[in-house]
Amino acid sequence: MSASVITIETKQNRNHKLVVRRPKSGLSLNGKIRVPGDKSISHRALMLGALAEGETRIEGLLLGEDPRSTASCFQAMGAEVTELNTELVRVKGIGLGNLLEPVDILDAGNSGTTLRLMLGILASHAGRFYTVTGDSSLRSRPMSRVVKPLEQMGAQIWGRDNNSKAPLAVCGQNLKPIHYHSPIASAQVKSCVLLAGLSVEGKTTVTEPALSRDHSERMLQAFGAKLDIDTQTHSVSVNGPVKLYGQSVVVPGDISSAAFWLVAGAIVSDSELLIENVGVNPTRTGVLEALEMMGADITRENEREVAGEPVADLRVRSSKLKGCTIEGDIIPRLIDEIPVLAVAAVFAEGKTVIKDAAELRVKESDRITVMANQLNSMGASISELPDGMEITGGTPLTGAELDSFTDHRIAMSLAIAALNASGSTTINRAEAASVSYPDFFETIKRII
């Protein structure tokens with residue numbers, strides 16, 4: 001059946017058009033899935049491996065475009081990285097403080113994580129000059145949230161729009177320690193400041209208004225950094241300067257990628273999917289909590305710990321969902337999954353309200369406006385809020401011509417919606433999915 005349901009057309013400009021044709025008789029999803037390695041952990045393993053002394057071995061690395069951008073940037077600054085693959089990647093580190101001046105501009109591609117975290121590292125390399133940029137989408141995204149705390153530490157950074165947008169020029173300095181009270185809960189902001197603090201003499205602290213994902217803290221400690229973590233005040237401190245040492249890292253499956261299948265399994269009738277080897281770090285499981293609030297039938301199996309990260313297999317069965325309110329401290333723990341949660345809400349009974357998620361407007365696209373417009377064109381009932389959406393569920397969706405706006409999470413979320421919409425749906429620029437999930441569409445074909 002899959003060949004008739006899913007087709008991909010390649011245009012002359014290399015943009016892909018995904019066509020989903022749901023049979024009149026319906027469809028169901030069944031099978032086992034292994035999602036790509038966690039993107040956040042993949043980035044950090046490559047970065048810390050490059051900054052460490054000795055060799056770092058990485059198993060299960062995500063092969064998306066974003067980690068490739070990270071690897072390329074650090075190779076340009078002297079780190080040795082073997083060919084990227086899922087089996088084993090070796091990184092020969094150059095040592096903290098020893099990154100070389102690249103002879104060309106560093107290109108972070110579409111990866112905000114690469115650019116924001118790397119700024120903290122570059123700013124602390126005294127006496128060296130770097131220029132960093134990205135694709136058109138990344139050049140439009142605000143970097144002031146990391147530039148401002150770095151400037152408080154003494155960093156010299158110049159760029160467009162009052163030093164807030166790439167291309168950015170960085171002249172490394174001997175930075176000073178600060179206690180930064182972040183106005184938002186953001187793992188990227190926290191990680192950037194902590195990475196800058198690795199080379200600083202003294203104690204660098206970040207306090208957040210709520211808990212954000214803690215992959216940086218876990219991995220920094222594994223590589224030899226000593227951190228002080230206060231979960232009550234949402235504060236993390238690093239005492240520098242430190243030395244990092246190469247480690248063996250096993251990257252679990254990305255829960256952000258698993259989220260698409262969790263929603264698909266929940267909304268498509270007569271479905272049952274087992275998503276294996278998924279990272280279930282408590283700072284990332286907001287999507288599980290939100291789906292459980294909506295009544296999704298999800299169970300954790302084979303729970304274990306791998307390289308300091310909790311892992312489980314997730315089984316999802318189709319169920320009747322109901323609307324709920326998603327807001328407050330849970331938002332930083334599911335910010336990347338909100339587009340596909342909006343799809344779940346469209347098929348839930350009643351009203352779902354998503355609030356406190358204004359950050360979605362400055363992702364790879366304005367994910368609030370894009371998801372509302374695209375799903376509404378299929379017949380959904382979604383109203384935009386300044387910081388989220390109000391979704392009235394229960395209205396059947398009809399196939400339509402859609403666009404990913406070159407945003408990987410939009411492309412995949414719309415594909416999941418199309419599986420449960422009548423008729424034929426076309427998603428333009430569907431190749432955006434390869435940023436974080438190169439085999440996404442092949443996986444759909446396999447489980448139909």
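How much space lies in the second largest pocket? The second largest pocket holds about 380 Å³ of space, a volume being the space filled by probe spheres set on grid points that are joined across faces, edges and corners. The model is predicted, so local features need pLDDT of at least 70 and side-chain atom pairs count only at pLDDT 80 or more, while totals for chains, interfaces and linings use all residues. Residues are numbered from 1 along each chain as its sequence is written, and side-chain values use heavy atoms, with hydrogens and water left out.

**Pockets**

- A pocket is an open set of points on a 1 Å grid over the protein atoms alone, where a 1.4 Å probe fits, with protein on both sides within 12 Å along at least five of seven lines; lining residues have an atom within 4 Å of a point.
- The largest pocket has a volume of about 580 Å³, and of its 38 lining residues Ala-185, Ser-186, Ile-335, Glu-359 and Lys-363 are the closest to its centre.
- Two or more residues of this lining come from each of α2 (39-51), α4 (112-123), α8 (187-197) and α14 (408-419), with α2 giving the most, four residues.
- Eleven nonpolar, twelve polar and 15 charged residues make up the lining of the largest pocket; Ala, Val, Leu, Ile, Met, Phe, Trp, Tyr, Cys and Pro count as nonpolar, Asp, Glu, Lys and Arg as charged, and the others, Gly among them, as polar.
- In the second largest pocket, 21 residues form the lining, and Val-35, Pro-36, Gly-37, Gly-60 and Thr-86 lie nearest the centre.
- The lining of the second largest pocket divides into ten nonpolar, six polar and five charged residues.

**Thr-443 and helix α15**

- Thr-443 belongs to helix α15 (residues 440-447); helices are DSSP runs (H or I, at least four residues), numbered from the N terminus.
- Thr-443 counts as buried because its relative accessibility is 6%, buried meaning under 20% relative accessible area (1.4 Å probe, protein chains only).
- The Thr-443 side chain reaches the backbone oxygen of Asp-439 at 2.9 Å.
- Leaving out residues up to four places away in sequence, Thr-443 touches Ile-33, Trp-261 and Tyr-437 (contact: heavy atoms within 4.5 Å).
- Phe-440, Phe-441, Thr-443, Ile-444 and Ile-447 are the buried residues of α15. They lie on the same side of α15 because they cover an arc of only 155 degrees around the axis, taken from the directions from the helix axis to the C-beta atoms.

**Helix α12**

- Helix α12 (residues 338-346) is mostly covered, with nine of its nine residues buried.
- The buried residues of α12 include Ile-338, Pro-339 and Leu-341.

Conventions:
Buried < 20%, exposed > 50% of the residue type's maximum accessible area, 1.4 Å probe, protein only. Polar contact = N/O pair within 3.5 Å; in protein donor to acceptor, adjacent residues only side chain to side chain.
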